[in-house]
Amino acid sequence: MSGKAVAQDQEAAPLIAAPEKAQRRWRNNWMMLFGDGSPMDVAACCLTYNVPCVSFAWNQNRGLQLNFWLEGFRFLLFTVGSFMLVHLISCLSILMACPHPPPGGYHGDHHSVHGHWEHPNPDDEVRPMMDPDQEHECMMRASPGLLAAAAIGLALLAFFIHFAAMRRSALRERFGIEGTYKGDLLLWACCSICALTQETRTLMHEQVHEGTWHGPHPGMATVPANQNMV
């Protein structure tokens with residue numbers, strides 16, 4: 001075979017793609033809260049379960065180089081702050097819709113002394129301050145405010161899930177971890193503690209500091225290549 005024929009055969013042969021660089025993976029499955037049971041994985045789970053705001057802020061600071069205190073404040077604002085806001089709106093709705101007890105109480109069980117409601121006799125039977133009809137009327141008047149509080153709570157919850165999923169996706173894209181935004185969103189919506197624990201133990205195990213992935217500690221096992229992750 002001539003050299004020209006060999007060259008033509010090589011040109012006609014299909015090109016062999018270069019092997020792609022293997023993507024990193026989250027450490028252990030998201031359902032394994034304690035990871036592989038190592039002290040570091042157990043510590044990550046305990047930290048996340050007891051003080052999730054610290055775990056979240058630590059991850060953002062180590063992985064994305066964001067301010068630790070600001071991220072912790074944001075986490076508390078979206079969680080504890082949202083709950084307090086919904087609770088405050090619900091209480092105000094009930095206080096504004098329900099009547100105050102008249103002097104002497106509804107059934108004569110209470111009387112007012114210097115602006116304080118007291119029982120005439122501690123041994124007397126305590127009866128409801130409102131009868132069922134009054135309670136029903138009160139809740140009907142308060143229902144618009146309660147529904148508004150529920151809607152605000154759901155909206156804040158949805159925004160927080162989106163925010164946390166975006167941060168998880170940012171970690172994935174920075175360190176080349178496989179996954180999708182939809183998977184991140186679904187995991188945070190269904191089991192937020194699982195998602196945060198998985199992120200924490202991965203960054204701890206892989207020694208992520210100041211936005212750099214240094215790899216596992218010497219002598220520590222890595223995630224098997226055939227283990228499925230979310």
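Modeller: Let us begin with Met84, which is exposed at a relative accessible area of 54%. This is a predicted model, in which local features need pLDDT of at least 70 and side-chain atom pairs count only at pLDDT 80 or more, while totals for chains, interfaces and linings use all residues. Residues are numbered from 1 along each chain as its sequence is written, and side-chain values use heavy atoms, with hydrogens and water left out.

Biologist: Why is Met84 called exposed?

Modeller: Exposed means over 50% relative accessible area, buried means under 20%, and partly exposed lies in between (1.4 Å probe, protein chains only). Met84 has 54%, so it counts as exposed. Met84 is placed in helix 4, residues 68-97, where helices (H or I, at least four residues) and strands (E, at least two) are DSSP runs numbered from the N terminus.

Biologist: What makes Leu76, Val80, Phe83 and Met84 a nonpolar surface patch?

Modeller: Patches are made of residues with over 30% relative accessible area and no salt bridge; nonpolar side chains (Val, Leu, Ile, Met, Phe, Trp, Tyr) are joined within 5 Å, and like charges within 9 Å. Met84, at 54%, therefore passes the accessibility cut-off. The patch of these four residues covers about 410 Å², with areas from the Shrake-Rupley method and a 1.4 Å probe, only the protein chains shown counting as cover for residues.

Biologist: How many helices and strands does the chain have?

Modeller: The chain has 7 helices and 4 strands. From the N terminus, their order is α-α-α-α-β-β-α-α-α-β-β. Of the 230 residues, 31% are buried.

Biologist: How do you know that Cys191 and Cys194 form a disulfide?

Modeller: A disulfide is a pair of cysteine sulfur atoms within 2.5 Å. The sulfur atoms of Cys191 and Cys194 are 2.0 Å apart, so the pair meets the definition. The torsion about their S-S bond is about 55 degrees, and the disulfide is therefore right-handed. A search of the whole structure finds 1 disulfide.

Biologist: Are these two cysteines buried or exposed?

Modeller: Cys191 is buried at 17% relative accessibility, and Cys194 is buried at 7%. Cys190 is in no disulfide, for the nearest cysteine sulfur, that of Cys191, is 8.3 Å away. Cys190 has 61% relative accessibility and counts as exposed.

Biologist: What makes the link between Arg167 and Glu71 a salt bridge?

Modeller: A salt bridge is a side-chain nitrogen of Lys or Arg within 4 Å of a carboxyl oxygen of Asp or Glu. The closest N and O atoms of Arg167 and Glu71 are 2.3 Å apart, so the pair qualifies. Arg167 lies in helix 5 and Glu71 in helix 4, so the pair ties together parts that are 96 residues apart in sequence. Arg167 is buried at 14%, as is Glu71 at 1%.

Biologist: Which residues are linked in a network of salt bridges?

Modeller: The network links Arg168, Arg172, Asp184 and Glu199. Within it, the side chains of Asp184 and Arg172 meet at 2.7 Å, N to O. Asp184 lies in helix 6 (residues 181-190) and Arg172 in helix 5, so this pair joins parts 12 residues apart in sequence. Both Asp184 and Arg172 are buried. The whole structure holds 9 salt bridges.

Biologist: Which residues is Thr48 in contact with, leaving aside neighbours within four places in sequence?

Modeller: Contact means heavy atoms within 4.5 Å. On that basis, Thr48 is in contact with Ser55, Ile193, Leu196, Thr197 and Thr200.
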